[in-house]
Amino acid sequence: MKVSIVVHSLSGKTRKFADSLFDRLTSDGHIVNLTQLETTVPIKGGSVRQKMDIKFTNLPSVNDAELVLFGGPVWAFGPSPVIIAAMQQIANLKGKSVVSFTTMGFPLKCMGGNAALAWMNRVAGTQGAKVLPGSVCCTMLRNLDEQIATETGRIAKLI
Ligand SMILES: Cc1cc2nc3c(=O)[nH]c(=O)nc-3n(C[C@H](O)[C@H](O)[C@H](O)COP(=O)(O)O)c2cc1C
């Protein structure tokens, strides 16, 4: 299957999750393309609830992909505005499956992770995607590597 991974990551944790997905899906025989989003101006914070003008230098085409994995950190108790802007600008996800994944600081998913995932799922659904169960990994007081390994295995089995 052709898979696109589109990730926003400021400090590397969500990128680590994306790399784990890339490695696993590639070794399972899928053709995987990974893009870490770059913006025209550096964005170090913000919220999806505020109006932001976000432009990319490397927004990928996902036209060929049957499955798209969107990943980003939790910012301000919601998804990063950067990954949401990318999803909105990619726009058409009709006929594709989408899995969203996110990492967060706080140890409880109710402190932003669940809301972030719900937001990303809503955007993907609005764009015509078949939304598959996504993933939240916490960093504080938790073992991020273990969660990433578990969630990577779960996501790989969805396909
Ligand atoms: C601007 C900003 C806002 C954040 N807001 C939250 C938050 O509301 N809840 C939370 O659990 N973590 C929050 N975090 C922590 C990040 O979600 C967490 O460190 C994440 O794993 C970073 O991912 P990255 O390394 O891919 O950038 C915030 C981080 C930043 C930089």
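**Exercise 1.** In this predicted model, determine how helix α2 and helix α3 are oriented to each other, and which residues make their contact.

*Solution.* Step 1: the axes of α2 (residues 81–90) and α3 (residues 113–126) cross at roughly 10° and come within 10 Å. Step 2: angles under 35 degrees count as roughly parallel, and α2 is therefore roughly parallel to α3. Step 3: on the α2 side the contact is made by Ile83, Ile84, Met87 and Gln88, and on the α3 side by Trp119, Met120, Val123 and Ala124. Step 4: sorted by class, this contact of α2 with α3 comprises 7 nonpolar residues, 1 polar residue and no charged residues.

**Exercise 2.** Describe the packing of helix α1 against helix α4, including the handedness of the crossing and the classes of the residues in contact.

*Solution.* Step 1: α1 (residues 13–27) and α4 (residues 144–158) pack at an angle of about 40°, and their axes lie 9 Å apart. Step 2: this angle makes α1 oblique to α4. Step 3: the crossing of the two helices, α1 and α4, is right-handed. Step 4: α1 contributes Lys13, Lys16, Phe17, Ser20, Leu21, Arg24 and Leu25, which meet Leu144, Asp145, Ile148, Glu151, Thr152, Gly153, Ile155 and Ala156 of α4. Step 5: by class, the contact of α1 with α4 holds 7 nonpolar, 3 polar and 5 charged residues.

**Exercise 3.** For Ala76 and Leu141, state the value of phi, the loop in which each is found and the class of accessibility.

*Solution.* Step 1: Ala76 is not a glycine, and its phi is positive, near 50°. Step 2: Ala76 is found in the loop between β3 (67–75) and β4 (78–79). Step 3: with a relative accessible area of 43%, Ala76 is partly exposed. Step 4: Leu141, likewise not a glycine, has a positive phi of about 65°. Step 5: Leu141 is placed in the loop between β7 (135–138) and α4. Step 6: Leu141 counts as exposed because its relative accessibility is 79%.

Notes: Residues numbered from 1 in each chain as written. Predicted model: local features only at pLDDT ≥ 70, side-chain atom pairs only at ≥ 80, totals over all residues. Heavy atoms only, no water. Axes fitted to C-alpha atoms, helices over the stretch in contact; angles between N-to-C directions. Helix = DSSP H or I, 4+ residues; strand = E, 2+ residues; numbered from the N terminus. Parallel < 35°, antiparallel > 145°, perpendicular 65-115°, else oblique. Left-handed = near helix turned anticlockwise from the far one by under 90°. Contact = heavy atoms within 4.5 Å. Nonpolar A, V, L, I, M, F, W, Y, C, P; charged D, E, K, R; others polar. Buried < 20%, exposed > 50% of the residue type's maximum accessible area, 1.4 Å probe, protein only.
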